[in-house]
Amino acid sequence: MKKLVLFLLIAISIQSCNTPSYVFSSVSQKTYSFPEGTHLLNIIDAPESVRLKLREMIFDKLEDRIPNGKLVSIQDTPVTLINSNLGFNSSAEDLEQLASRAKGYDYIINIKAEKPADDLGSIQIGNIDPGEANVTKVSLEIINLNEKVSVYYSHVRSELKVPDDSKDFAFSVSAQSMMKNSLKKILKRMKN
């Protein structure tokens, strides 16, 4: 009897789960192997609630993949940038200015994470509007400061929508978790 009740609880929980979809777009190349040189991680352009976790993830996942472990956060250096979001689709003039300010570094890593829609929490109880959704966008770009060109770019859009036949109770993935998972997917794809 206990096994049947446990099975029913698990079946109801699984049926009540909403999972996001992750779509890659604007990928410069599927894999990327880090060349020799010092890599500078720019200030991550993301909501405050997830910025530190994304930074920790970058150091955790990339330190062993960058030759000689030369990955430094811009926050730990005397480098100051006029525009911390510099990099994504930058002009040649912007890249020239970036390279002149980041002397001594060979590459800069830019990360941008945003959540255009954050309507759903982790647990939904009661009437759920089918129009509600969690939508996130995460981009990662690596710029070669010596050649002043972008050498890698990837963008992931994740979306979680409530189906039209929504129940009065559902589990969902938060927008913060979707941003972290998107960055994990970019890093994993770079490695493969």
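Me: Which strands does helix α2 lie across?
Reply: Helix α2, residues 48-62, lies across β2, β3, β4 and β6, and runs at about 165° to β3. Axes here are lines fitted to C-alpha atoms, for helices over the stretch in contact, and angles run from 0 to 180 degrees between N-to-C directions. Helices (H or I, at least four residues) and strands (E, at least two) are DSSP runs, numbered from the N terminus.

Me: Before I go further, what sort of model is it, and how are the residues numbered?
Reply: This is a predicted model, in which local features need pLDDT of at least 70 and side-chain atom pairs count only at pLDDT 80 or more, while totals for chains, interfaces and linings use all residues. Residues are numbered from 1 along each chain as its sequence is written, and side-chain values use heavy atoms, with hydrogens and water left out.

Me: OK, back to the strands. What is the strand order in the open sheet?
Reply: The open sheet has six strands in the order β1-β7-β6-β4-β2-β3, with mixed pairing, where two strands pair if DSSP finds at least two bridges between them. Its edge strands, each pairing on one side only, are β1 (21-25) and β3 (71-73). Direction ignored, neighbouring strands of this sheet are turned by 20° against each other on average.

Me: Which way does β2 run relative to β3, parallel or antiparallel?
Reply: Strand β2, residues 39-41, pairs with β3 in the parallel sense over three bridges, and Leu71 in β3 is the bridge partner of His39. The pairing of β2 with β4 is also in the parallel sense, over three bridges, and there Leu41 has Ile109 in β4 as its bridge partner.

Me: What sits in the turn between β6 and β7?
Reply: These two strands form a hairpin with four residues between them, and Lys148 in that turn has a positive phi of about 60°.

Me: Switching to α3, which of its residues are buried?
Reply: In helix α3, residues 92-101, the buried residues are Leu95, Leu98 and Ala99, with buried meaning under 20% relative accessible area, exposed over 50%, and partly exposed in between (1.4 Å probe, protein chains only). Seen down the axis of α3, these buried residues fall within an arc of 95°, so they line one face of the helix; the arc is that of the directions from the helix axis to the C-beta atoms. They pack against β4 (107-118), β6 (133-144) and β7 (149-161), where contact means heavy atoms within 4.5 Å.

Me: What about Asn134, buried or exposed?
Reply: Asn134, which is found in strand β6, is buried, with a relative accessible area of 0%. Its side chain reaches the backbone oxygen of Val173 at 2.9 Å.

Me: Which residues touch the most other members in the largest nonpolar core?
Reply: Of the 27 residues in that core, Ile58, Leu140, Ile142, Leu183 and Met190 touch the most other members. A nonpolar core here is a set of buried Ala, Val, Leu, Ile, Met, Phe, Trp, Tyr and Cys residues joined through side-chain atoms within 4.5 Å. The elements giving two or more residues to this core are α2, β4, β6, β7 and α4 (175-191), and α2 gives the most, with six residues. A second, separate core of ten residues includes Ile74, Ala102, Tyr105 and Ile108.

Me: Last one: how many helices and strands are there in the protein chain?
Reply: The protein chain has four helices and eight strands, and of its 192 residues 39% count as buried.

Definitions and conventions: Polar contact = N/O pair within 3.5 Å; in protein donor to acceptor, adjacent residues only side chain to side chain.
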